[in-house]
Amino acid sequence: MPQLPAPAYPAEVLARLEADAKEVIARYPGSRSALLPLLHLVQSEEGYVSRTGVAFCADQLGLTTAEVTAVATFYSMYRRRPGGEYQVGVCTNTLCAVMGGDAIFDRLKDHLGVGDDEAGMTTDDGKVTLEHIECNAACDFAPVVMVNWEFFDNQTPESATRLVDDLIAGRTVEPTRGAPLCSYKETARILAGFPDQRPGAVEASGGAGAASLVGLKLARGEAAPQTRVVGPRGEAPQDSAPHDPSPTEHLSSHDAPQQTSASDPANPAGPTAEEGE
């Protein structure tokens, strides 16, 4: 059914958002490029991208509401309906799933009493919204739970249950790494590109964990003299010292350093047969 025009923001809210939007748009040579941060900006106001927020972005950028809606519904970081103060995302992508992500999600769903559909994923008190999330590039800390996009690593169903109980009770919760936790709306404003003004928050952000940097250290030749190599499943690990590659070796697996016949005897390389032979 056709809908009435979206209601306008109150005058004081509109004036504040217009000033913020002007600052955001000025960062880009083309105003349309500011759409993603503007969507975060309106999300920081209401906790989701409302029809009013869509109309505001369209007016600021000279776009149609259809164009703004197409972008807002494409990216999963934009909410399409009101949610909780804390967005608890359980990674259920492949590695986190097999390490226990699916079990964590099922436990939290039962513990919080929320359903599987998008409309039923927020607790009745409005504190927690539970959702599946895709890979957050933290596979070495699997299974990972994120609260308002801050990391809680190496979780179990029990630790994740304590986590949501602490959030609901208003107890202080510290991420495994990264900045101190803030509300979903405050997170959205930071994602819009505005500085985190909390004392020490930026300094606490840190970098990647040690496990994430092992491959980088190997690539730079910074690994320890004895590098442990994991053998095939069922066999004991072996220690082998790093060596200088010979002229025939390549450092990139994309360079196909060996002929197929040498690397895979079961499928030797040979001349290509004519079609049908």
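Colleague: In what order do the four strands of the open sheet stand?

Modeller: The order is S2-S1-S3-S4, and the pairing is mixed. Strands (E, at least two residues) and helices (H or I, at least four) are DSSP runs numbered from the N terminus, and two strands pair if DSSP finds at least two bridges between them. This is a predicted model, in which local features need pLDDT of at least 70 and side-chain atom pairs count only at pLDDT 80 or more, while totals for chains, interfaces and linings use all residues. Residues are numbered from 1 along each chain as its sequence is written, and side-chain values use heavy atoms, with hydrogens and water left out.

Colleague: Which strands stand at the edges?

Modeller: Strand S2 (128–133) and strand S4 (150–152) do; each has a single partner strand, so one side of each lacks a neighbour in the sheet. From one strand to the next the twist averages 25°, with angles taken from 0 to 180 degrees between N-to-C directions of axes, which are lines fitted to C-alpha atoms (for helices, over the stretch in contact).

Colleague: How many bridges join S1 to S2, and how do these strands run?

Modeller: Six bridges join them, and they run parallel. Gly-89 has Glu-131 in S2 as its bridge partner. S1 is joined to S3 by three bridges, and that pair runs antiparallel; here Gly-89 stands opposite Met-146. Strand S3 (residues 145–147) is in turn linked to S4 by three bridges, again antiparallel, with Val-147 opposite Glu-150.

Colleague: Which residues of S1 point one way, and which the other?

Modeller: In a regular strand the side chains alternate between the two faces of the sheet. From S1, Tyr-86, Val-88 and Val-90 point one way, and Gln-87, Gly-89 and Cys-91 the other. Six of the six residues of strand S1 (residues 86–91) are buried, where buried means under 20% relative accessible area, exposed over 50%, and partly exposed in between (1.4 Å probe, protein chains only). Of the 277 residues of the chain, 33% count as buried.

Colleague: At what angle do H2 and H3 pack, and how far apart are their axes?

Modeller: Two packed helices are described by the angle between their axes and the distance between the axes. Helix H2 (residues 35–46) packs on helix H3 (residues 51–61) at about 145°, and the axes are 10 Å apart. Residues that meet, with heavy atoms within 4.5 Å, include Leu-35, Leu-38 and Val-42 in H2 and Phe-56, Cys-57 and Leu-61 in H3.

Colleague: Is Leu-35 buried or exposed?

Modeller: Leu-35 is buried, with a relative accessible area of 6%. Its C-alpha is 7.0 Å from that of Cys-57, which is 22 residues away in sequence. Setting aside neighbours within four places in sequence, Leu-35 is in contact with Cys-57, Leu-61, Leu-63, Val-68 and Val-71.

Colleague: Which residues have the most contacts inside the largest nonpolar core?

Modeller: In soluble globular proteins, nonpolar side chains tend to be buried together. A nonpolar core is a set of buried Ala, Val, Leu, Ile, Met, Phe, Trp, Tyr and Cys residues joined through side-chain atoms within 4.5 Å. The largest has 24 residues, and Leu-38, Leu-39 and Val-68 have the most contacts inside it. Helix H1 (11–25), H2, H3 and helix H4 (65–72) each supply at least two residues of this core. A second, separate core has 20 residues, among them Ala-160, Leu-163, Val-173 and Leu-181.
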